[in-house]
Each structure stands twice: as C-alpha cells, then as structure tokens.
Amino acid sequence: MLIKQDDKMFYCGDHNNPSAKITFYYHDNLIVVDHTYVSTELRGQKVGQKLVEQVVLLARKEGKLILPKCSFAKKELEKNNESLIYKG
C-alpha cells in the first residue's frame, strides 16, 4: 500500500477521494491530528496504524510533538509513541 503525503494529510489512493487518510495541521510547535479514515475495503489491514506511523515519522523529523484530536490516533499513539504526545 503506497502512502502519499501533501501539506495536510497522508493518504492512500486518489488525492481527491482517498481510500484511507489521516489529516493534520500545524499549530505552533505541534502537529495536530484531527481525523483518520479507512475505507471498509482496507479495514483490518493495519492501514490506520501505518498512517499514524507516518505522522510519528514526520514529528520526529521536524522535532515536533503531536496533539491527537482524533480518538483513533490518540489510542495508537498512547500504545506506541507516548513520548511524542503533547500533554499541555
């Protein structure tokens, strides 16, 4: 599964109608994750986890923390990458 990136999301499939995506925006020194979507065809294949991992890699590369407003992203980050979660 090829994961692509633009300035506000990581996604799979067509940019205008992705089959999976995680959207984010920047606020100060944070990457705010506000939505994750995985189509029914891709569910059960750990695509959502792979999208969260892309945000983690981006945060590490840019030296930022992640503020997960999306419940799925928050759950995944708490399991694996708690040190990157903004707790302010």
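Does F24 count as buried or exposed, and at what relative accessibility? At 3% relative accessibility, F24 counts as buried (buried means under 20% relative accessible area, exposed over 50% and partly exposed in between, with a 1.4 Å probe and protein chains only). This is a predicted model, in which local features need pLDDT of at least 70 and side-chain atom pairs count only at pLDDT 80 or more, while totals for chains, interfaces and linings use all residues. Residues are numbered from 1 along each chain as its sequence is written, and side-chain values use heavy atoms, with hydrogens and water left out.

**Aromatic rings**

- The structure holds 2 aromatic pairs (rings of Phe, Tyr and Trp, the last by its six-membered ring, pair if their centres lie within 6.5 Å; planes under 30 degrees apart count as stacked, over 60 as edge-to-face and the rest as tilted).
- One of them joins F10 and F24, with 5.6 Å centre to centre and 35° between the planes, and is tilted.
- This pair links distant parts of the chain, since F10 lies in strand β2 (residues 9–13) and F24 in strand β3 (residues 18–27), 14 residues apart (helices, H or I of at least four residues, and strands, E of at least two, are DSSP runs numbered from the N terminus).
- F10 and F24 are both buried.
- The ring centres of F24 and Y26 are 6.0 Å apart and their planes stand at 85°, so this pair is edge-to-face.
- Y26 is partly exposed, with a relative accessible area of 37%.
- Ring pairs link F10, F24 and Y26 into a cluster.

**Helix packing**

- The axes of helix α1 (residues 47–62) and helix α2 (residues 71–80) come within 10 Å and cross at roughly 75° (axes are lines fitted to C-alpha atoms, for helices over the stretch in contact, and angles run from 0 to 180 degrees between N-to-C directions).
- α1 and α2 are therefore roughly perpendicular to each other (65 to 115 degrees; under 35 counts as roughly parallel, over 145 as roughly antiparallel and the rest as oblique).
- In this contact, G48, Q49, V52 and V56 of α1 meet F72, A73, E76 and L77 of α2 (contact means heavy atoms within 4.5 Å).

**Nonpolar core**

- The largest nonpolar core has 22 residues, of which I22, V33 and I66 touch the most other members (such a core is a set of buried Ala, Val, Leu, Ile, Met, Phe, Trp, Tyr and Cys residues joined through side-chain atoms within 4.5 Å).
- At least two residues of this core come from each of β2, β3, β4 (30–38), α1 and α2.
- α1 gives the largest share, 7 residues.
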